[in-house]
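Here are some exercises to work through with the structure on your screen. Try each task before you read its solution.

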Amino acid sequence: MADPSTPRPEGPGPASPPPAYPRPESWVRPCPPEQGGGLWVEPGGFHIDPVRAVERAVVTHGHSDHARPGHARVLATPGTLAIMRARLGEQAGAVQQPLPYGEPLRVGEVGVRLVPAGHVLGSAQIVLEWRGSRVVVSGDYKRRPDPTCLPFEPVPCDAFVTEATFGLPVFRHPPDADEVGKLLHSLTLFPERAHVVGVYALGKCQRLIALLRRAGYDRPVWLHGALIPMCELYRAHGVDLGDLRPATAATREDLRGQVVLSPPSAIQDKWSRRLPDPVVAYASGWMRVRQRARQRGVELPLVISDHADWDELTATIRDVGAPELWVTHGREEALVHWASGQGYRARALALIGFEDEDV
Ligand SMILES: [Zn+2]
Ligand SMILES: [Zn+2]
């Protein structure tokens with residue numbers, strides 16, 4: 001697309017005129033895992049979110065299925081690079097090149113710009129331009145406001161690569177404030193019980209704390225040791241999380257009627273059994289599926305997701321207005337079907353190696 005300020009067609013899917021620029025699939029392609037995986041951007045000579053160690057990686061965000069160890073060079077936002085260093089140490093990339101949001105850069109023949117994706121701290125969509133053709137790789141994203149990261153910014157493009165973690169019409173996440181309200185209500189109902197909430201260490205943990213603070217909850221939030229480093233990293237990036245304390249420093253009595261956050265894997269193990277009569281909660285988009293909550297022994301499911309739900313996915317496809325849509329990461333078929341019905345050229349990208357670490 002030559003002029004980014006040109007308004008995109010409205011309403012039902014735009015018809016694609018014969019292109020005067022290279023077709024997106026001619027220069028951005030899914031890459032087999034044995035050659036690095038993720039997307040290969042040929043004229044730039046780099047992979048996006050490769051699953052194996054490569055020469056040159058551009059990384060959308062710090063979750064472990066996207067930010068893998070051992071690359072020779074990594075380009076990402078300063079936030080994502082900090083997360084990679086915290087999680088991968090020496091393996092975070094031999095050469096790390098920070099690129100702040102919005103700053104244009106040329107890599108090989110390709111223009112690269114990082115734009116907020118609203119998923120977790122540092123998360124970015126990768127805006128790629130080559131010979132007048134623009135492809136946006138959104139990584140993981142959501143559209144509802146998150147006090148811990150910048151909001152998703154729609155960028156008009158020729159091909160939009162979207163996730164589809166919750167790509168079924170049954171997935172409609174309720175308002176976050178209602179879910180946090182359920183937790184606060186349970187605390188008043190059971191003031192003698194600890195409330196242990198399963199949260200992923202990167203993103204969900206800090207967002208839940210920020211949502212609690214926004215709802216006026218100013219008591220200490222107690223943390224399982226595995227959650228502390230990422231909370232410190234968020235704080236160092238200017239995200240205010242209030243009074244946080246290590247749960248190990250508390251006595252059993254201290255934790256009555258308190259919020260204790262824990263990695264999901266620990267909500268049912270002996271770590272949580274030392275808490276006073278815990279109410280087991282879990283904050284995840286999957287809590288919409290009752291079966292999953294039951295399987296994990298979750299008494300208080302909280303449907304809070306860092307991924308777009310069905311309405312956010314379809315709204316985003318309309319907002320971005322790309323005639324071409326590549327769907328990855330989850331339930332591709334329903335979204336491809338919906339988009340095709342709206343006149344978009346849509347297809348599923350078979351990318352291997354992406355499991356939702358954080359939902
Ligand atoms: Zn993610
Ligand atoms: Zn992901």
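**Exercise 1.** Find out how the radius of gyration of the protein chain fits the value for a compact globule.

*Solution.* Step 1: take the rule, which is 2.2 Å times the number of residues to the power 0.38, with the radius of gyration taken over C-alpha atoms. Step 2: the chain has 359 residues, so a compact globule would have a radius near 21 Å. Step 3: the protein chain has 21 Å, which agrees. Step 4: for the outline, look along the principal axes, where the C-alpha atoms fill a box of roughly 70 × 45 × 35 Å.

Before going on, please note that this is a predicted model, in which local features need pLDDT of at least 70 and side-chain atom pairs count only at pLDDT 80 or more, while totals for chains, interfaces and linings use all residues. Residues are numbered from 1 along each chain as its sequence is written, and chains are lettered from A and ligands numbered from 1 in the order in which they are written.

**Exercise 2.** State how many helices and strands the protein chain has, and what share of its residues is buried.

*Solution.* Step 1: helices (H or I, at least four residues) and strands (E, at least two) are DSSP runs, numbered from the N terminus. This gives eight helices and 19 strands. Step 2: a residue is buried if 20 or more other C-beta atoms lie within 10 Å of its own, exposed if 12 or fewer, and partly exposed in between, with C-beta atoms placed from the backbone. By that rule, 48% of the 359 residues count as buried. Step 3: two residues are in contact if their C-beta atoms, placed from the backbone, lie within 7 Å. Among contacts between residues at least 6 apart in sequence, 59% join residues at least 24 apart.

**Exercise 3.** Describe how helix α1 packs against α4.

*Solution.* Step 1: locate α1 at residues 78-88; its buried residues are Gly 79, Thr 80, Leu 81, Ala 82, Ile 83 and Met 84. Step 2: ask what covers them. The cover includes β5 (73-76), β6 (95-98), β9 (124-130) and α4 (228-236). Step 3: read off the geometry. The angle between α1 and α4 is about 155°, and their axes are 11 Å apart. Axes here are lines fitted to C-alpha atoms, for helices over the stretch in contact, and angles run from 0 to 180 degrees between N-to-C directions. Step 4: angles under 35 degrees count as roughly parallel, over 145 as roughly antiparallel, 65 to 115 as roughly perpendicular and the rest as oblique. The two helices are therefore roughly antiparallel. Step 5: pick out the touching residues. Ala 82, Ile 83 and Ala 86 of α1 meet Pro 229, Met 230 and Leu 233 of α4. These contact residues divide into six nonpolar, no polar and no charged. (Ala, Val, Leu, Ile, Met, Phe, Trp, Tyr, Cys and Pro count as nonpolar, Asp, Glu, Lys and Arg as charged, and the others, Gly among them, as polar.) Step 6: look just past the end of α1, where Gly 89 has a positive phi of about 55°.

**Exercise 4.** Which residues does Leu 302 touch, not counting residues up to four places away in sequence?

*Solution.* Step 1: find Leu 302 in strand β17 (residues 300-302). Step 2: Leu 302 counts as buried because it has 27 C-beta neighbours inside 10 Å. Step 3: its contacts are Glu 179, Lys 182, Leu 183, Ala 281, Tyr 282, Ala 283 and Met 287. Step 4: take Lys 182, which is 120 residues away along the chain; the two C-alpha atoms are separated by 7.8 Å.
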